[in-house]
Amino acid sequence: MINPQDRLLVISTSTIHGYSFLEYIKDEIKEFINSDEIIFVPYARPSGISYDEYTENVKEALNSVGISVKGLHTFENKKEAILNAKAIFIGGGNTFLLLKTLYELDLIEALRKAVHNGIPYIGTSAGSNLTGLTIGTTNDMPIVYPPSFDALKFLPFNINPHYLDPDPNSKHKGETRETRINEFHKFNDQVVVGLREGSWLRVENGVVELKGKLSARIFRKNEQPIEIESGFIAKEIYHI
């Protein structure tokens with residue numbers, strides 16, 4: 001079950017075609033957090049950029065909607081910063097690196113406690129992977145080895161951000177995203193939600209709503225995948 005206190009924006013990607021970084025989603029973020037301040041967690045380091053550079057990108061993107069941004073890495077007492085945050089935003093990049101860093105800094109339980117106390121959580125890409133049961137359905141390379149694949153477990157299923165449908169005109173003969181998820185289900189039981197680009201889940205009061213213009217693909221072990229349309233609302237998406 002989803003904790004009714006948890007408030008989540010589980011966003012597939014920070015950038016979609018034709019828009020600058022966070023441009024398409026920033027108004028939703030502003031309305032969702034109902035605040036003027038976010039603590040940003042930059043540990044996924046996309047393309048290997050520094051924490052300061054990544055945080056500055058988020059500052060510039062959210063400045064136009066009146067949200068100030070502070071990087072978690074700048075706080076001496078990071079647990080205290082998380083527990084006292086107005087909102088928490090964990091950005092995309094490499095999921096393995098992100099989770100490893102959070103474990104090393106002993107921040108997993110602080111994040112769980114903060115969100116269970118009602119602090120809004122926003123995740124994009126790697127940050128969205130963390131909301132599920134494990135990071136076993138990330139698309140990232142395992143460039144480092146976290147002590148566990150267990151994620152924050154806010155949601156009773158896994159996320160596959162950036163979900164891509166097979167291209168019938170492609171000459172690529174390697175594994176499709178669906179093939180890889182089927183491989184995952186040979187060894188794991190949890191439902192996987194494939195979030196296409198520009199899609200996100202909004203979770204409040206124990207209810208999950210799919211938002212954006214596209215449908216999402218739901219994978220259950222030993223069953224044919226199904227599509228749910230934007231606007232779909234469920235209390236128990238894992239029982240579809």
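These legends describe close-up views of a predicted model.

**View 1. The eight-stranded sheet.**
Eight strands form an open sheet with mixed pairing. Their order is β3-β2-β4-β5-β1-β8-β9-β12. The edge positions belong to β3 (68-71) and β12 (233-234). Each has a single partner strand, so one side of each is left without a neighbour in the sheet. Strands of a sheet pair through backbone hydrogen bonds, either parallel or antiparallel.

**View 2. The pairing of β1 with β5.**
Strand β1 covers residues 8-11, and strand β5 covers residues 121-124. The two pair in the parallel sense. Four bridges join them.

Helix α2 (residues 51-62) lies across β2, β3 and β4 (88-90). Relative to β3, helix α2 runs at about 170 degrees.

Eight aromatic pairs are found in a search of the whole structure. One of them joins phenylalanine 40 and phenylalanine 89. Their geometry is edge-to-face, with 70 degrees between the planes. The rings lie 5.1 Å apart, centre to centre. Phenylalanine 40 belongs to strand β2 and phenylalanine 89 to strand β4, so the pair ties together parts that are 49 residues apart in sequence.

**View 3. The four-stranded sheet.**
A further open sheet has four strands in the order β6-β7-β10-β11. The pairing is mixed. At the edges stand β6 (158-160) and β11 (226-228), each pairing on one side only. From one strand to the next, the twist averages 30 degrees. Strand β6 and strand β7 (residues 192-194) run parallel and are joined by three bridges. Isoleucine 159 has valine 193 as its bridge partner in β7.

**View 4. The largest pocket.**
The largest pocket has a volume of about 360 Å³. Its lining counts 18 residues. Closest to the centre are Ile135, Gly136, Thr137, Thr138 and Phe184. Which helix gives the most to the lining? Helix α7 (residues 177-184) does, with five residues. By class, the lining divides into six nonpolar, seven polar and five charged residues.

**View 5. The second largest pocket.**
The volume of the second largest pocket is about 240 Å³. Its lining includes Leu164, Asp165, Pro166 and Asp167. Ser170, His172, Gly174, Glu175 and Thr176 line this pocket too, as do Arg177 and Arg180. The lining divides into two nonpolar, four polar and five charged residues.

Key. Residues are numbered from 1 along each chain as its sequence is written. This is a predicted model: local features need pLDDT of at least 70, side-chain atom pairs count only at pLDDT 80 or more; totals for chains, interfaces and linings use all residues. Side-chain values use heavy atoms; hydrogens and water are left out. On a 1 Å grid over the protein atoms alone, a cavity is a set of points where a 1.4 Å probe fits but cannot get out, and a pocket is an open set with protein on both sides within 12 Å along at least five of seven lines; lining residues have an atom within 4 Å of a point. Grid points are joined across faces, edges and corners, and a volume is the space filled by probe spheres set on the points. Ala, Val, Leu, Ile, Met, Phe, Trp, Tyr, Cys and Pro count as nonpolar, Asp, Glu, Lys and Arg as charged, and the others, Gly among them, as polar. Two strands pair if DSSP finds at least two bridges between them. Contact means heavy atoms within 4.5 Å. Axes are lines fitted to C-alpha atoms, for helices over the stretch in contact, and angles run from 0 to 180 degrees between N-to-C directions. Rings of Phe, Tyr and Trp (its six-membered ring) pair if their centres lie within 6.5 Å; planes under 30 degrees apart count as stacked, over 60 as edge-to-face and the rest as tilted.
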